[in-house]
Amino acid sequence: MPPGLAASLIDAIGPDAVKTEPEDLAVYGYDADTAEAEHLPDAAVIPRDARQVCAVVRIAREHGLPIVPRGAGTGLCGGTVPVNGGVVITFNRMNRILELDVANRRARVQPGLINLDLSRATATHGLFYAPDPSSQKASTIGGNVGTNAGGPHCLSYGTTTNHVLGLEFVDETGELIRTSIDDPGYDLTGALVGSEGTLGVITSVDVRLMRLPESVRVCVGAFETVEAACETVSAIIGAGIVATALEIIDKVMVEAIEANYHAGYPTGAGSVLLVEVAGHTEEMNHNESAIADIARKNGALSWTTARDAAEREALWAARKGAAGAVGRIAPNYYIQDACVPRTRLPQALHAIDEIARDHRLVVGNVFHAGDGNLHPLLMFDRREVRQIQAVVDAGTEILRTCIDMGGTISGEHGIGYEKRETLSMVYSTADLATMGRIRDVLDPARRFNPNKIFPTGAICGEVTSSVA
Amino acid sequence: MKVAGGDTIVPSTAQELADELRRCDASGLRVLLMGGGTLQGLGNPPKACDVTISTAKLNATIEYDPRDLTIAVGAGMTLRTLANTLAKNGQFVPIDAPHPDRATVGGTLAAGWIGPRRATYGRPRDYLIGTTAALADGTLSSAGGMVVKNVTGYDVSKLFVGSLGTLGALVRVNLKAIPSPQTMRVAIAALPEATRQRALNHIASLSIEPACALFVSGFHRDIDGTDGIDGRLFLLYEGSQAVVDRATRELRSALGAAGVPGTTILDQNAQRTYQRTLDACTSTIAQRSITLRSYGLPDNAFMRHATLETLAQELKLSLDAILDARTGDVVARFVARDAETMPYAVADLVDGARERLSNLTVIAGDPALRIAIDAWGPPPPSFEKLRALKERFDPRGTLAPGRLVGGI
């Protein structure tokens with residue numbers, strides 16, 4: 001650690017807000033994707049307010065250190081791992097709703113607020129916050145903004161960026177700047193969402209809240225094959241039915257989920273389709289029966305509607321906890337995130353299956369079918385070196401396949417550290433250079449979360465800790 | 001309206017457009033990018049313009065598989081063509097802008113135009129999933145793609161929203177589409193002064209929200225051709241027939257309880273009538289009118305409307321206004337009795353409005369009137385970053401200098 005760093009930080013934000021001992025720092029070397037804490041920060045700080053964040057940014061700047069903002073550490077691509085050391089800023093103490101404006105359906109929240117806590121707090125007013133990544137019980141709004149998080153309900157409500165009305169962030173000089181999508185000029189708010197902490201440190205978020213729907217239906221059907229479930233999804237979309245979620249779970253995953261959660265998913269079939277529709281009662285009655293007809297025409301082996309809120313919640317809890325059930329199949333898994341145009345889903349799944357087979361890996365699929373957003377889970381055992389390489393190779397082949405189908409390499413998890421070398425598979429040098437221009441303006445010293453998103457050499461001059 | 005300066009170039013391909021930009025940039029020629037020209041009254045006129053580059057020929061559908069619910073089009077495609085293309089498959093993109101026969105997809109996005117239905121569907125930016133832009137130095141640069149969820153590097157496309165042609169030229173726009181609502185219905189009700197507050201309270205508590213809820217005063221000739229009603233409620237309902245029917249019943253009963261005399265229902269002409277309210281937002285009356293848009297929260301929209309009404313009276317101007325109860329926008333067109341008065345009144349008007357309200361933008365008016373005022377007012381807190389972005393993307397100041405906030 002650079003001399004004087006700890007003293008400056010403690011002086012600015014207090015001794016209880018600064019961690020510098022290796023045993024305290026170990027936890028900040030991980031995210032949900034990382035197996036071993038290979039990279040530790042020089043210090044981790046837990047500020048109480050935006051002013052303290054400004055002070056930390058200034059101190060890190062004086063010491064020439066990287067700054068890595070971190071939410072709950074549920075990221076899946078190493079996005080918050082301090083690969084170049086530096087100061088990790090964590091937001092456990094900045095986790096409040098600052099303003100709840102029911103009349104105008106908006107809220108100003110601190111970045112450390114847990115996603116689900118926002119919807120819980122607004123439910124009594126008939127409102128909710130729509131983006132619901134599977135990690136929503138733990139992940140934070142600030143982290144969600146960083147990765148432009150999605151979730152199963154993106155299909156109808158859009159991703160995080162569609163629900164962020166404005167931001168407050170600390171810029172590279174340590175100044176606080178507020179943005180709003182109503183500001184004239186370039187949409188800076190939109191550019192900051194999904195920038196994975198590389199353009200500034202977000203200290204508050206203005207979010208849009210939506211009215212809770214009058215009526216919600218969740219239906220579940222079993223199909224012989226994943227393809228049949230995909231065809232059903234296409235037919236539902238083709239019929240102009242606006243579903244709020246269309247999720248497919250393949251056989252491998254549904255067996256694991258049911259064994260773990262007993263949520264009521266039909267087992268034994270090749271795939272399961274989960275459909276949610278929400279809106280006004282008349283519309284729901286109509287949509288529910290129209291969807292059931294479509295499912296049967298596409299060979300549904302069974303088709304049931306959850307009877308009440310408890311059944312609906314059980315189905316959703318199990319779906320969102322799918323990754324947690326994988327332990328029944330293998331000691332480790334690697335979840336990939338890729339997106340293809342909706343009509344290419346059957347081919348993409350077929351290709352994923354073949355790639356896994358070529359590498360002698362078991363693959364499970366649980367995905368946002370309505371959005372074309374795939375999440376193959378490659379199962380492996382970390383103790384077997386061959387399998388680790390196979391997973392890495394298979395993961396890259398899957399991404400290449402999705403790009404060839406007109407898709408992309410991340411729908412909602414982000415690029416982070418893990419996928420940065422693959423970004424050049426999607427974008428040309430000129431495209432990346434344009435992104436570099438934005439970085440030049442907002443983070444000219446490459447101090448914010450260095451070595452993330454961009455392939456080595458695509459954006460030069462990233463800051464490295466003096467000791468890392 | 002004469003807006004363009006110098007020669008007009010109409011490139012046939014994106015590459016041609018990029019090459020023209022590079023050529024202009026290298027020879028120090030200032031460029032005005034032009035879509036349909038329908039929103040040239042928004043913002044400041046450019047300080048200088050040597051060449052106008054039109055996107056008119058970049059108007060083709062580039063990729064469209066209806067089953068994917070995504071479409072890629074040339075930035076010069078008109079909103080009408082986009083709507084017709086999608087409508088064949090029961091789809092639409094909710095971009096509500098004036099004069100869709102001329103307004104282009106790229107131009108509307110670049111102008112950052114937002115319409116009333118955003119309360120229901122979100123903003124045009126929320127449907128933008130990818131772009132290709134020609135930068136001032138002739139670089140063709142893409143971001144995003146043809147998928148509806150995409151977190152791969154920076155969302156560069158967003159920066160072009162609201163850039164008014166000062167950052168680069170959109171040449172290709174990728175959009176997410178959604179299924180069209182089965183039914184569209186407009187309900188119009190005259191709201192005599194005494195019933196206004198009660199009616200609005202009732203409407204706020206309806207279980208089915210209208211896709212947009214406007215309170216219109218004036219704009220008679222522009223919207224419904226009726227005279228003598230000083231204020232009326234304009235509601236748009238969209239959805240399935242059953243839902244729209246229930247909404248209508250609930251509305252009639254709410255308005256009845258508030259003492260509102262009667263409600264006119266339009267089904268056949270709903271789309272056309274709604275479009276007329278959008279067209280009204282930028283309609284000008286020769287050199288006698290200037291239109292401001294006040295942004296703010298829905299719950300203080302009536303207060304801002306009243307403030308602007310008082311200002312109009314003080315300056316002896318008449319006021320046509322569209323108040324958007326769901327988004328909080330107030331579009332206010334100030335009209336002078338004669339063309340001689342307005343050039344004197346316009347600076348007092350804009351200054352007076354800005355003394356009382358923040359976040360006001362000039363969105364329409366004769367160029368001769370707009371030359372005397374700053375269309376934007378005080379720059380936003382992030383202005384230094386915006387200015388630095390402009391500098392980094394267009395270091396020679398080739399693109400529409402001075403058109404945007406703070407002289408960008």
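## Getting started

Residues are numbered from 1 along each chain as its sequence is written, while chains are lettered from A and ligands numbered from 1 in the order in which they are written. Because the model is predicted, local features need pLDDT of at least 70 and side-chain atom pairs count only at pLDDT 80 or more, whereas totals for chains, interfaces and linings use all residues.

The model scores ipTM 0.96 and pTM 0.96. Chain B averages a pLDDT of 94, and 97% of its residues score at least 70; pLDDT is the predictor's confidence in each residue, from 0 to 100.

## The domains of chain A

Let us begin with chain A. Its domain assignment gives domain 1 (5-90), domain 2 (215-323) and domain 3 (330-404); such bounds come from an automatic or database domain assignment. Taken over C-alpha atoms, the centres of domain 2 of chain A and domain 3 of chain A are separated by 22 Å.

Where these two domains touch, 17 residues come from domain 2 of chain A and 16 residues from domain 3 of chain A. Here two residues are in contact if their C-beta atoms, placed from the backbone, lie within 7 Å. On the domain 2 side, α8 (226-238), β13 (245-250) and α9 (251-261) of chain A are the elements that give two or more residues. Helices (H or I, at least four residues) and strands (E, at least two) are DSSP runs, numbered from the N terminus. That side of domain 2 of chain A has 13 nonpolar, one polar and three charged residues. In these classes, Ala, Val, Leu, Ile, Met, Phe, Trp, Tyr, Cys and Pro count as nonpolar, Asp, Glu, Lys and Arg as charged, and the others, Gly among them, as polar.

## The domains of chain B

Chain B is assigned domain 1 (7-53 + 383-407), domain 2 (58-179), domain 3 (184-208 + 215-268) and domain 4 (289-370). The centres of domain 1 of chain B and domain 2 of chain B lie 19 Å apart, over C-alpha atoms.

Between these two domains, 28 residues of domain 1 of chain B contact 28 residues of domain 2 of chain B. The largest share of the domain 1 side, eight residues, comes from α1(B).

## Where the chains meet

Turning to the two chains together, 60 residues of chain B are in contact with 66 residues of chain A. On the side of chain B, α13(B) gives the most, with six residues. By class, this side of chain B has 30 nonpolar, 18 polar and twelve charged residues.

## The nonpolar core

In soluble globular proteins, nonpolar side chains tend to be buried together. The largest nonpolar core in this model has 263 residues, of which A:Val45, A:Val56, A:Leu378 and B:Ala134 touch the most other members. Such a core is a set of buried Ala, Val, Leu, Ile, Met, Phe, Trp, Tyr and Cys residues joined through C-beta atoms within 7 Å. The largest share of this core, seven residues, comes from α8(A).

Not counting residues up to four places away in sequence, A:Val56 touches A:Leu9, A:Ala12, A:Ile13, A:Val45, A:Pro47, A:Val87 and A:Ile89.

## A look at A:Ala390

A:Ala390 sits in helix α13 (residues 385-404) of chain A. This residue is partly exposed because 18 other C-beta atoms lie within 10 Å; a residue is buried with 20 or more other C-beta atoms within 10 Å of its own, exposed with 12 or fewer, and partly exposed in between, with C-beta atoms placed from the backbone.

Leaving aside neighbours within four places in sequence, A:Ala390 is in contact with A:His359, A:Arg360 and A:Leu361.
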